[in-house]
Amino acid sequence: MTKKVNKQMLKVTILVLTFSQMATNGLSPAMSDMAAAFPDVATSTIQMLMTLPGIFVVILSLISAWLTSVFPKKYLIGTGSLCICATAVLGTCFHQSLPVLFAWSALMGIGMGLISALTVSLISDYYEGQEKENLMGLQTSAANVGGMIMTAVGGVLTAIAWNFDYLVYLIAVPGLLLLILFVPKETPVLREQQDKAVATAGRSSAGSLLKNGKVWIFVVISVMLLFLFNAGPTNLSMYVTEFGIGNSVVAGWVATVFLLGGTLMGIAFGIFSKRLGVFTIPLGFLFMVAGFLVMIAKANVACLYIGCLLAGMSISLVSPQCILQASSFCKSSQELAIAAAVIMAASNIGTFLTPQLTNVARAVTGSESTIYRFILALALALVMTIVTLVIFLINKKKK
């Protein structure tokens, strides 16, 4: 029999654990200094220190449903938190070679993968209806709050020494402690009963879920969202340095404002979702267009802050809506875990591919300037705004 759960403290725990979900952003303030530390290495390769974890998040997300059939979610999330804490220590102490740094990025990705998919799964296990929808929006905000703390503190630490930036990953410690105290090891009885009923009736399967073309629409959207969104964190430090806007502290604060936009919009997500439903997705891409446009309009701190705030709002409109739409096709917690895993995996494939924006912009313009990377991201975000709006209007007419 499942013991009584303190659902309020469970909410707090899920949100604090989610602070680590955007752990890669912690390296954003150090990107310029890292590039200077390894002058013979291509910029896109340095950027992969931030995006490589995405591949490991993909792998862990895709096998998370299987892992939960073998190990309790509590233990898996705890292992993820420990991986991120280990990255903090190892990255600070051992940073002399790029292969070693990539190893720490891989370790970070394993931790992020376990935390990302399984905290979403916890929400589906314990919450329903509007409460679940609101918590998903708050979770996106919490991810951005964690990113804000890491980028702001990381900017200060980077000013001392760029390897000190890795210490921001100790942010995983509070979540680990709360996990030990408030997350039960067992699956809720209600959820177990629902899963058994569905399995007995034979009404659904993971295979049929993944064959649903509508689910894959949101998978593709998730890929494009993070592919474009991460053009901000991976390039902000270099943009600040290139145009003489400031130092690593300024870069840290700019990256923090980028994530602040996501935090504020995540708080309001429930309201937008209730009124607009799936149309929060094209609205999110439109915010990204506006944000990148303001950022490059004039190279000064004011435009950078305003643009980052607007562009950052995009993730909190698009990402939770993709998960909600995909989960609407699910009939069991196993399917919910699979749907969440696929969306998370798609997002992190997009994250991993972000440095290719640098390569494409350089190939097209012949320039290494960061401004062309933002122009390319802006153009693609505009395409996504139009395409998603058209798709959802067509689907609405068919209903």
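Mentor: Arg 362 is partly exposed, with a relative accessible area of 29%; here buried denotes under 20% relative accessible area, exposed over 50%, and partly exposed the range in between, computed with a 1.4 Å probe on protein chains only. The model is predicted, so local features need pLDDT of at least 70 and side-chain atom pairs count only at pLDDT 80 or more, whereas totals for chains, interfaces and linings use all residues. Residues are numbered from 1 along each chain as its sequence is written, and side-chain values use heavy atoms, with hydrogens and water left out.

Arg 362 meets Glu 368 in a salt bridge at 3.4 Å, N to O; the term requires a side-chain nitrogen of Lys or Arg within 4 Å of a carboxyl oxygen of Asp or Glu. Glu 368 is itself partly exposed, at 44% relative accessible area. Glu 368 also forms a salt bridge with Arg 373, where the closest N and O atoms are 3.7 Å apart. Arg 373, by contrast, counts as buried at 4% relative accessibility. Through shared partners, these salt bridges join Arg 362, Glu 368 and Arg 373 into one network.

The structure holds four salt bridges. Among them is that of Asp 125 with Lys 73, whose closest N and O atoms lie 2.4 Å apart. This pair links distant parts of the chain, with Asp 125 in helix α6 (residues 98-126) and Lys 73 in helix α5 (residues 73-93), 52 residues apart. Helices (H or I, at least four residues) and strands (E, at least two) are DSSP runs, numbered from the N terminus. Both Asp 125 and Lys 73 are buried.

Turning to the rings, those of Phe, Tyr and Trp (its six-membered ring) pair if their centres lie within 6.5 Å; planes under 30 degrees apart are stacked, over 60 edge-to-face, and the rest tilted. By this rule there are eight aromatic pairs. One of them, Tyr 239 with Phe 374, is edge-to-face, at 5.5 Å centre to centre and 90° between the planes. Tyr 239 lies in helix α12 (residues 231-242) and Phe 374 in helix α18 (residues 370-398), 135 residues apart. Both of these residues, Tyr 239 and Phe 374, are buried.

Phe 279 and Phe 392 have ring centres 6.3 Å apart and planes at 85°, so this pair is also edge-to-face. Phe 279 sits in the loop between α13 (248-276) and α14 (280-297), while Phe 392 belongs to helix α18, 113 residues apart. Phe 392 is buried, with a relative accessible area of 4%. Finally, ring pairs link Tyr 239, Phe 243, Phe 292 and Phe 374 into a cluster.
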